[in-house]
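The sequence and the structure are shown first, and the description follows.

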Amino acid sequence: MKQLIQKTLSLVAVSFSLLGLVALVGDVATVSAACNPNNLSISSGADCARGNEQPAELFGGEGSIFGRVTNILLFLVGAISVIMLIIGGIRYVISGGDQAQVTSAKNTILYAIVGIVVAFLAYAAVNFVTQALSGATAT
């Protein structure tokens, strides 16, 4: 049972990670419209290296890189925590009164709830820092 749960969680984590990378990378094959190949400045080179769908800002703003990364990571941690909460509930139900299994299931549920709380607090902290660095107002 434990090996089945571990294999399932690793498969879910890998699939969510790949999904997040695909969403983060976006369209990199096309060149940005702001690209000027005749201008040899650093900013022009950065514009030429960035694709049309890539965000221009690192912090703050709509679709910033850190915003995308934190949203993807929050989704992953939240999804894994909810899955672990369900697994802990199932383990609690099928424990059959065995005290060691009941304690293990309760710990799984507790750690899943702590994981959800920590994920939301980390998301709030990252948003606070990125807004402070970008000078943007809270949305």
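Which residues of helix 3 are buried? They are Thr-70, Ile-72, Leu-74, Leu-76, Ala-79, Ser-81, Ile-87 and Gly-88. The model in which they are found is a predicted one.

## Overall architecture

The protein contains four helices and zero strands. Read from the N terminus, its elements follow the order α-α-α-α.

Of the 139 residues in the protein, 17% are buried. The accessible surface amounts to about 9600 Å², and carbon and sulfur atoms supply 69% of that area. When contacts between residues at least 6 apart in sequence are considered, 51% of them join residues at least 24 apart.

## Helix 3

Helix 3 spans residues 65-93 and has 29 residues. From its first C-alpha to its last it reaches 42 Å, which is close to the 42 Å expected at 1.5 Å a residue.

One of its buried residues is Ala-79. Ala-79 counts as buried because its relative accessible area is 15%, under the limit of 20%.

## A nonpolar surface patch

Val-82, Ile-86, Ile-90, Val-93 and Ile-94 together form a nonpolar patch on the surface.

## Thr-108 in helix 4

Helix 4 covers residues 99-134, and Thr-108 lies within it. Is Thr-108 buried or exposed? With a relative accessible area of 12%, Thr-108 is buried, because the value is under 20%.

A polar atom of the Thr-108 side chain lies 3.0 Å from the backbone oxygen of Ser-104. Apart from neighbours within four places in sequence, the residues in contact with Thr-108 are Met-84, Gly-88 and Arg-91. Gly-88 is also among the buried residues of helix 3.

How values were computed
Residues are numbered from 1 along each chain as its sequence is written. This is a predicted model: local features need pLDDT of at least 70, side-chain atom pairs count only at pLDDT 80 or more; totals for chains, interfaces and linings use all residues. Side-chain values use heavy atoms; hydrogens and water are left out. Patches are made of residues with over 30% relative accessible area and no salt bridge: like charges are joined within 9 Å, nonpolar side chains (Val, Leu, Ile, Met, Phe, Trp, Tyr) within 5 Å. Accessible areas come from the Shrake-Rupley method with a 1.4 Å probe; for residues, only the protein chains shown count as cover. A salt bridge is a side-chain nitrogen of Lys or Arg within 4 Å of a carboxyl oxygen of Asp or Glu. Helices (H or I, at least four residues) and strands (E, at least two) are DSSP runs, numbered from the N terminus. The expected span of a helix is 1.5 Å times one less than its number of residues. Buried means under 20% relative accessible area, exposed over 50%, partly exposed in between (1.4 Å probe, protein chains only). Contact means heavy atoms within 4.5 Å. A polar contact is a pair of N or O atoms within 3.5 Å; within protein, one must be able to donate a hydrogen and the other to accept it, and residues adjacent in sequence count only if both atoms are side-chain atoms.
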